[in-house]
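Okay, thanks everyone, let me get the slide up.

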Amino acid sequence: VPENTENGNGYDFVVVANRLAVNHVTNEDGTTGWERSPGGLVTALAPLMESSEGAWVGWHGAADDVLEPFDHGDMHLVPVPLSSDDIEDYYEGFSNGTLWPLYHDVIARPDFHRHWFEAYRRVNQRFAEHTAQVAAHKATVWVQDYQLQLVPAMLRDLRPDLTIGFFNHIPFPPPGLFAQLPWRHSVLRGLLGADLIGFQRASDASNFRRAVHNRMGYYVEDELIHVPLQSNAPDHGSPLVGFNADADRGTAVRVSTAPAAGVARLVEAKEFPISIDTATITALAKREDIIARSQEIREELGNPKTVLLGVDRLDYTKGIRHRMKAYEELLQNGSLSVGQVCLVQVASPSREGVESYRLLKEEIEQTVGRISGEYDTLSHPAIRYLHHSYPIEEMVALYMAADVMLVTALRDGMNLVAKEYVAARRGDDGVLVLSEFTGAADQLRQALLINPHDVDELKAAILRATTMDSDDASARMENLRRQVVHHDVRRWATDFLDRLGELTGSPSVKG
Ligand code: G6P
C-alpha cells in the first residue's frame, strides 16, 4: 500500500530516473530554489504529469543530502539520496566506469569491480523502494536508462500490481560484448521485470533479445520474450536444444525453441527512437533576439565564409578527437584556410570524477592548443573551444550560425544534437555530417553519413559539406526537417506509453 503521498492514494504515473527533473539553483538575491531541467525527456513527460497524477523519482545531484518529497509546478518530486560512497561506486563506478564503456562498444576499457556492482544493486533497491512507496495501486511506472536496470524486477517483487516500462537511452551491446559483464544475468533478470523494454534502434532491441535467448534460454518470438513464471528455471516444457554456461549463477540453462503455454509472462523488447522538443526549438529559431545573436556570433568569429560546429558532452564516445584530426589535416594540406573557415567546438563538462573523462579533457585541450597555435591569425581563430554548457537560447543561435554541423560519435544511443540542429535551421540550408554509429542515423538518412574512424572519409565529407550546392543542401535539409517535425519527443513518449497500455490492458497515460 503506497504511503507518504500527498493525496494518500499514491500517484498514477511515476517516472524513475537517475536524475530528478529539477535542478537546484541560486537566484540573484542569494535565495535558492528549484528549476525544471531543460532536457527533452522532462519536456516530454511534464505534460503527462500534469494531466495524470504524476511523480518523478530521482537523485537531486548533491552528495549526502536527504530531502523530503516536494512539489514543483504540477510535478511531485521524490528525491533519492546518494552518499559520497554511492556516487563513487554506483554513479561514477558501475554506471559510468563499467556499463557506459561496455555498452558503447568498449571504446574505453570497462572496469569490473565487485564492490561497484554491490553499490549498484543497493542503490537500485533504494530507487525501487522509493517508487513502491509513492505509486498508486495499478499505477504505470516508467524507469529510465542504464543506471537503473535492476529496478524493474525489484519493483515487480515489491509491487506486482504495477505496470512497468523501461527505456534504455544508450546502445545495448552485441551479445559477444555484453557477455563480458560478470553480472550479465542479474542485469537481464532486472530488465525483464518490465512489461515493455524500449531501445533507441532496432539493432539494440535485437541485441537484447539475443542476449536473453542465449543467456537465459527463454523463448523469443519476434519482439516478445516468454519469461517463465518460475523465472529461475528455463521453460521446462520446451525441447532441449542446447546448453549455455550461466557464469552469473554457475549453472547451465536450456535454450527454448517453443513457448510453454500458460506459464510465462510476456515481455516486449522493441525500438522507440527518442527525439527532441521540436516545437520549442523552431519557435526559438524565429525569435528576433536569437536571430540577431546568431549574426553576432558570426561577426565575433571574424565573418568566415563557413562556420563548422561541434556540440557534445565532453565524452570519449563523441569522436571529438577524430573530428579535430580531420579538421587539422584539412588546414595542413591547404584544403581549408583560416579566415574562410572556423570550427566552433562546444564541449560541456561531464563526469569529471571519472578518470577517462579527465584524460580526454587534457588530450582535447592539447589538440586545441596545437591547432590554435599553428593556424590562428590575429584577426581569425581556426578553432573556438568552449568548455561550458549554455542555455538552449544560445545553443539555437549557435545552430543558426553554423553552416555545417559535425556529429562524429563513435557510438551514440541517439544523438539529439543532430536533431536539434535540423530543427533550428529556418531556411532549408545547412549541412549535417552524421556518424552512422548514432541512433539518429537510422532516421536522418539524408545527412552526409560517415564512418568517423575513416579520417579520409570524414575529411571528404567536411569538404563536400562546405562546397555543397544549395539545391542539394536544401533538398536534404527539407527531408531531414520533415523527420524531426513529425517525430518529436512527445510522440515518442505517447508511442511508448500507448504500447505499454496495450500490452498490459492498463489505461494508458495520456497527455
Ligand atoms: C546520457 C545518459 C543520461 C545522462 C546524460 C548526462 O544522455 O543517457 O542518462 O543523464 O548522459 O550524464 P550524467 O552522468 O551527467 O547524468
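So, I'll go through some of the salt bridges here, pair by pair. Keep in mind that this is a predicted model.

First, the overall count: searching the whole structure turns up 30 salt bridges. The background is simple enough: side chains of opposite charge can pair when their charged atoms come close.

Let's start with Arg126 and Asp86, where the closest N and O atoms sit 2.8 Å apart. Arg126 is in helix α3, residues 114–134, while Asp86 is in helix α2, residues 84–103, so this pair ties together parts that are 40 residues apart in sequence. And is Asp86 buried or exposed? Asp86 is buried, at a relative accessible area of 3%.

Next up, Arg411 with Asp105, and here the closest N and O atoms are 3.1 Å apart. Arg411 comes from the loop between β18 (404–407) and α13 (416–424), and Asp105 from the loop between α2 and α3, so the bridge ties together parts that are 306 residues apart in sequence. As for accessibility, Arg411 counts as buried at 17%, since the cut-off for buried is under 20%. Asp105 is partly exposed, with 28% relative accessible area.

Then there's Asp429 with Arg425, closest N and O atoms 3.2 Å apart. Asp429 is partly exposed, at 40% relative accessible area, whereas Arg425 is buried, at 5%.

Last one, and this goes beyond a pair. Which residues are linked in a network of salt bridges? Arg293, Glu296, Glu300 and Glu394. That's me done, happy to go back to any of these.

Terms used. Residues numbered from 1 in each chain as written. Predicted model: local features only at pLDDT ≥ 70, side-chain atom pairs only at ≥ 80, totals over all residues. Heavy atoms only, no water. Salt bridge = Lys/Arg side-chain N within 4 Å of Asp/Glu carboxyl O. Helix = DSSP H or I, 4+ residues; strand = E, 2+ residues; numbered from the N terminus. Buried < 20%, exposed > 50% of the residue type's maximum accessible area, 1.4 Å probe, protein only.
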